[in-house]
Amino acid sequence: RTEPCRQAETSEMRCYSGHGGLSELLLLDHPVVMRLSSTNRREYSATLVGLDMSSNVANLVVAGEERRVALAELAKSWSGKYVLLWKAPKGFHDGLIMNHRSPAVSWLRQTMAAVDGNGEDASGGFDGALAQRVRAFQLAEGIQPDGMVGPLTAIRLSARSGQSGPRLVSEKKG
């Protein structure tokens with residue numbers, strides 16, 4: 001797992017490892033690599049590229065081949081662990097906190113303006129007002145509202161603002 005993540009960092013990509021369910025993956029809205037177990041307990045990797053919640057089917061890529069798998073079958077072989085590759089904003093390393101100044105803070109201001117509709121101010125730094133906007137976003141997204149921008153918050157901000165990148169193909173019930 002570490003080698004692909006190291007390679008990703010050379011292209012301003014990052015790895016985010018998580019543990020959750022399909023609803024979390026729908027919120028993340030990115031393809032993820034899942035670790036699955038076969039019936040004889042051998043582990044293998046598959047990339048989740050789509051979810052069709054109306055049909056209860058997941059679209060996986062395994063060894064270069066796309067497969068449709070019933071969610072009930074996926075539940076038998078997936079522990080909930082996943083790795084997501086995402087494009088980090090320029091200057092983003094481990095996260096953004098109050099008083100931080102970098103190109104990533106400019107990205108954050110522009111992205112927050114796109115997501116919450118409030119104008120982008122010209123202060124340039126990560127100030128208390130921006131932290132409050134981040135907290136409101138985190139609260140609405142089900143993320144612990146700490147006002148800091150870690151990978152999970154940055155991934156969700158990118159997805160909500162419509163920034164380019166790979167997305168999870170999904171059809172939701174309704």
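Predicted model: local features only at pLDDT ≥ 70, side-chain atom pairs only at ≥ 80, totals over all residues.

User: How many helices and strands are in the protein chain, and in what order do they run?

Analyst: The protein chain has six helices and seven strands. Read from the N terminus, their order is α-β-α-β-β-β-β-α-β-α-α-α-β. The C-alpha trace spans about 55 × 40 × 25 Å along its principal axes.

User: What share of the residues is buried, and what share of the contacts joins residues at least 24 apart?

Analyst: Of the 174 residues in the protein chain, 39% are buried. For contacts between residues at least 6 apart in sequence, 53% join residues at least 24 apart. The chain exposes about 9700 Å², and carbon and sulfur atoms supply 51% of that area.

User: How are the positive and negative side chains placed relative to each other?

Analyst: One compares the centres of the two sets. Here there are 21 positive and 18 negative side chains, and the two centres lie 4 Å apart.

User: How should I read aromatic pairs, and how many are there?

Analyst: Rings pair if their centres lie within 6.5 Å, and the angle between their planes then gives the class: under 30 degrees is stacked, over 60 is edge-to-face, and the rest are tilted. By this rule there are two aromatic pairs. The ring centres of Tyr16 and Tyr82 are 6.4 Å apart with the planes at 50°, so this pair is tilted. Tyr16 belongs to strand E1 (residues 13-19) and Tyr82 to strand E6 (residues 78-87), so the pair links parts of the chain 66 residues apart. Both Tyr16 and Tyr82 are buried. For Trp86 and Phe92 the centres are 5.4 Å apart and the planes are at 75°, so that pair is edge-to-face. Trp86 and Phe92 are also buried.

User: Is Asn59 buried or exposed, and which residues is it in contact with?

Analyst: The cut-off for buried is under 20% relative accessible area. Asn59 counts as buried because its relative accessibility is 16%. This residue lies in strand E4 (residues 57-62). Its side chain is joined to that of Arg68 by a polar contact of 3.3 Å. Apart from neighbours within four places in sequence, Asn59 is in contact with Thr47, Leu48, Val49, Gly50, Glu66, Arg67 and Arg68.

User: Which residues other than glycine have a positive phi?

Analyst: Most residues other than glycine have a negative phi. Asn56 has a positive value, near 55°, and is found in the loop between strand E3 (43-52) and E4. Asn56 counts as partly exposed, because its relative accessibility is 39%. Asn99 also has a positive phi, about 70°, and lies in the loop between E6 and H4. With a relative accessible area of 65%, Asn99 is exposed.

Notes:
Residues numbered from 1 in each chain as written. Heavy atoms only, no water. Helix = DSSP H or I, 4+ residues; strand = E, 2+ residues; numbered from the N terminus. Buried < 20%, exposed > 50% of the residue type's maximum accessible area, 1.4 Å probe, protein only. Contact = heavy atoms within 4.5 Å. Areas by Shrake-Rupley, 256 points an atom, 1.4 Å probe, with all protein chains shown as cover. Lys, Arg positive; Asp, Glu negative; His and termini not counted. Charge placed at Lys NZ, Arg CZ, Asp CG, Glu CD. Phe/Tyr/Trp six-rings, centres within 6.5 Å; stacked < 30°, edge-to-face > 60°. Polar contact = N/O pair within 3.5 Å; in protein donor to acceptor, adjacent residues only side chain to side chain.
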